[in-house]
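Hi everyone, thanks for coming.

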Amino acid sequence: VIMAVCRDLWSRKLLALSLLFYFLLTLDVHARPANMSSSKDKSQATKDENEILPPDHLNGLKMEMDGHLNKDFHQEVFLGKDMEEFEEDSEPRRNRKKLIEIFAKVDVNKDRSVSAKEMQHWIVEKTKEHFKEAMEENKNSFRAVDPDGDGYVTWDEYKVKFLASKGFNETEVTDKIKKKEELKLDEETQEVLESLKDRWFQADNPPADQRLDEEEFLSFLHPEHSKGMLRYMVKEIVRDLDQDRDWKLTLSEFISLPVGTVENQQGQDIDDDWVKERKKEFEEVIDSDRDGIVTMNELEEYMDPMNEHNALNEAKQMIAVADENQNHRLELEEILRYSEYFTGSKLMDYARNVHEEF
């Protein structure tokens, strides 16, 4: 839609330069699959409105539910719940001070450098923070869908709350479901319901009783908390990307998500970067045995946020990004210089008063 509007405005020669610049900035988000989805777009209001729905974005996972790479992953596993403190418009000096405090915590042995092992332990700890946050949110969400407070939620109870969140009259929906009358739903809502129903019954642990308790509901909302649901999520991703239906991914399948129509060089460059990112992730990280094929097991290991081997590999990669002196460790100055990679916030005059503040 955005591309069509912009094209129409351009054809009439009424598109101002400022609008064109805005279009180019938003192109890789709306006109084509982003190479890595952004959690910056998830506002608190949206989060509250959809608290009973499985979130599109899961903190601490390298890949999104739709198969895109999570562009904020490094920040999520480095900052944990402190992510919100590093907003783009935050005061640089305050961010610098906070980053120095974080460095001091990661540097457990206080030798003024961070090793891969220290970073690994920190990543695991920050991932656990995201888990804890999800569990706390789940308590509120579960109460919202458990109207009788019996500790269990049936599919029909959840369906009523879901449709109510979409603007349907809760009393009317409840009455029709009890009478087994047909609900008149638009096609999009019906498709979402079918997908949720499949996921709902996947979260119903054996022996299946057609209802979810609070722990099962957590698996429904956050599949990363359950091995079975994590595999289900991986299966859904593979199904979306696997073109020859052999339940394995080749490099070409992994990088061939449909991209938007590119009509300018800047857009083409963005697409090229997207392909490079996915190629690098496939070859260097996901394909652990380097045979050119990613299996379900390899993708599941890659997606498992509590896999300590993955955490160590991630720690080494994060160190390599900023390790300018090539000593396989990170000094404070290196982390400050590459602050945008670790926090999403670029610090100016990073070296000013570093030693005094530290």
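When I say that two residues touch, or are in contact, I mean that they have heavy atoms within 4.5 Å of each other. Please also keep in mind that this is a predicted model.

Our helix today is H7, residues 155-165. Eight of its 11 residues are buried, so the rest of the structure largely encloses H7. Which ones are they? The buried residues are Trp155, Glu157, Tyr158, Lys159, Val160, Lys161, Phe162 and Leu163. What do they pack against?

Let's stop at Lys159, which sits in H7. This lysine is buried yet forms no salt bridge. The nearest side chain of opposite charge belongs to Asp156, 4.1 Å away, and the salt-bridge cut-off is 4 Å. So what does Lys159 touch, leaving aside residues up to four places away in sequence? The answer is Ile177, Leu183 and Leu193.

Leu193 brings us to the packing of H7 with H9. The two axes come within 11 Å and cross at roughly 145 degrees, and the crossing is right-handed. From H7, the contact uses Trp155, Tyr158, Lys159, Phe162 and Leu163; from H9, the residues are Thr189, Val192, Leu193, Leu196, Lys197, Trp200 and Phe201. Nine of the residues in this contact are nonpolar, one is polar and two are charged.

One last stop, just past the end of the helix: Gly167 has a positive phi of about 100 degrees.

Conventions. Residues numbered from 1 in each chain as written. Predicted model: local features only at pLDDT ≥ 70, side-chain atom pairs only at ≥ 80, totals over all residues. Heavy atoms only, no water. Buried < 20%, exposed > 50% of the residue type's maximum accessible area, 1.4 Å probe, protein only. Helix = DSSP H or I, 4+ residues; strand = E, 2+ residues; numbered from the N terminus. Lys, Arg positive; Asp, Glu negative; His and termini not counted. Axes fitted to C-alpha atoms, helices over the stretch in contact; angles between N-to-C directions. Left-handed = near helix turned anticlockwise from the far one by under 90°. Nonpolar A, V, L, I, M, F, W, Y, C, P; charged D, E, K, R; others polar.
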